[in-house]
Every structure is written in structure tokens, then in C-alpha cells.
Amino acid sequence: MNMAEILTFEFFQNAILASVLVSIACGIIGSLIMINRLFSMAGGITHAAFGGIGIAFYFGLPIFVSTSLFTLFIGFLVAFLTQHKPHRSDSIIAVIWAFGMALGLILLDLTPGYKSDIMAYLFGSILAISKQDLITMLVSDCVFALLIILFYRQFEAISFDRDFAQTKGIVTTFFHYLLIAMIAFCIVICIKAVGLILVIALLSIPCFIAETFTKKLGSMMLVASCLSLLFCLVGLALSYYANLTSSAMIIMVACVGFALCLLPRSH
């Protein structure tokens, strides 16, 4: 079966739409994470989100609702603790990371029956994206875009110079926690597509590359989103022809792109 034929299948069309929506989210949120130097925190929140998945399976709750609420709670907890204990931030993030993963595994062990969907949440299953997942991604993207349009100057100010932002009357604490909430929801909507293990790569790699082309926040978001979409589409195509896991191929393509971006700097 050639690529033209597989494009007629709904599951592949959904995967392409998911690639577009995930790329927009990762381009916007990933750029904010990078310029605020929050990748360590984002990584901790991402892996701790597994606890929300465990809670959902154990108590029979909707996966999205449970994971969203738990990830939001973890995000706020990490933000609060690291603000009040800045010299222990790495240790705090590591402990929260480990706690979330351990809680998820324990609850899954205690849940009767075979958890067939767990691999999809750990490593992604973009070819199994449903229309409901697409709607959730679309709504999330619209919210992210609206928040950036409304508060672009505030986010830009707290990202590049928080002290200056405070002198301008910007409530930096509020926007910091709003950013953490956006990171949490971005992580949750991306988990189904690329998996909990790989989501941080899609948040970071396109933004690292985008930074070599532009230093402006808005332009960085646009370039990162386009790069992310390119990596997703190429990864999907290669995974189809090589019969390999789609999410892993997407990240591998992104890693190759990152390596190629570093080559000119080595001279």
C-alpha cells in the first residue's frame, strides 16, 4: 500500500491532524519553557503525570480529567516549592518526578485486569488518536493562542526580565502560575500522541532549533511549531515505510534535525 492510499484512511488523517495540533501546542508552550529555563521543571511534571494515569485506572475515572487535575496539582506544587526553596529546586523536582512515577505504578499494580492502554500513554500512539482527542487538542490550542494574544507582553516581560516586569506593575506570580498551568495541560494533550516518555523532546528540540533562527518570542513560537510539524509528518511517513513506532520515529527525526543544526557551530 502506497502513501496516497493510506492517506484515505481515517486513522491516518487523524494522525496528521493530531500532528498539526500537537505542533502548535508544543511550539507555543515549548518556547515559553525554553526562555524561562523551565525544562527541568517541565520534565519533572511530565513524568509525575503518570500518577494521574494510575489514579484514573485505579478509581475508574476519565483519563483526561484525572491526568489533567493531577498534573495541574503537581505543577503548582513544584512551582510553589521551587519558589520557596530555590536552592533545592533540582532535588524537589527529582523527588516529585519519582513520586508521580511510583504512585502511578503502584496504583496500576493494584488495579485488577490487564492495562492494555498503558504503553500508549508511556510511548504514544498517534495512530490511535480519536476525534474526541482531536477536539480536546483543538480547544487547548485555541486557549493557548488566546492567552498568548491577550498577555503576550506580560509573558515576554516575565520571561526576559522578571524584576523589570514587576516595576511595570505586572503580577509576575500570577503569570508564572498561569504558565505552569499551560505547561501542565500541554503535557496532558501531548501524552496520547507522543507518549509521556517522549513528550519533553517534542517540547524542547524544535524550540532549540528555532532559537538559532530568531530571538523574538512570537517568531520563535511560529518557527518551532513549523519545525515540530515537519518532524511529525516525516516521522509518520518513515514509521509507515519502516513499520516502526510512530512516536519514536518522530522524536528520532527531531534529534537528527537537532544534530544537523549543531553542525555549523562545530566549525
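Student: Is phenylalanine 11 buried, exposed or partly exposed?

Tutor: Phenylalanine 11 is partly exposed, because its relative accessibility is 36%. Buried means under 20% relative accessible area, exposed means over 50%, and partly exposed lies in between (1.4 Å probe, protein chains only). Keep in mind that this is a predicted model, where local features need pLDDT of at least 70, side-chain atom pairs count only at pLDDT 80 or more, and totals for chains, interfaces and linings use all residues. Residues are numbered from 1 along each chain as its sequence is written, and side-chain values use heavy atoms, with hydrogens and water left out.

Student: Okay, and which ring does phenylalanine 12 pair with, and how do the planes sit?

Tutor: Phenylalanine 12 pairs with phenylalanine 11: the ring centres are 6.3 Å apart and the planes are at 90°, so the pair is edge-to-face. Rings of Phe, Tyr and Trp (its six-membered ring) pair if their centres lie within 6.5 Å; planes under 30 degrees apart count as stacked, over 60 as edge-to-face and the rest as tilted.

Student: Is phenylalanine 12 buried or exposed?

Tutor: Buried, as phenylalanine 12 has a relative accessible area of 4%.

Student: How many aromatic pairs does the structure hold?

Tutor: Ten aromatic pairs. One of them joins phenylalanine 9 and phenylalanine 11, with centres 5.8 Å apart and planes at 40°, so that pair is tilted. Elsewhere, ring pairs link Phe151, Phe155, Phe174 and Phe175 into a cluster.

Student: One more thing: what's the phi of arginine 37?

Tutor: Near 55°, a positive value in a residue other than glycine. Arginine 37 is in the loop between α2 (10-35) and α3 (39-48); helices are DSSP runs (H or I, at least four residues), numbered from the N terminus. Arginine 37 is exposed, with a relative accessible area of 74%.

Student: Where is asparagine 243 found?

Tutor: In the loop between α12 (217-242) and α13 (246-262). Asparagine 243 has a positive phi of about 60° although it is not a glycine, and at 68% relative accessibility asparagine 243 counts as exposed.

Notes:
Helix = DSSP H or I, 4+ residues; strand = E, 2+ residues; numbered from the N terminus.
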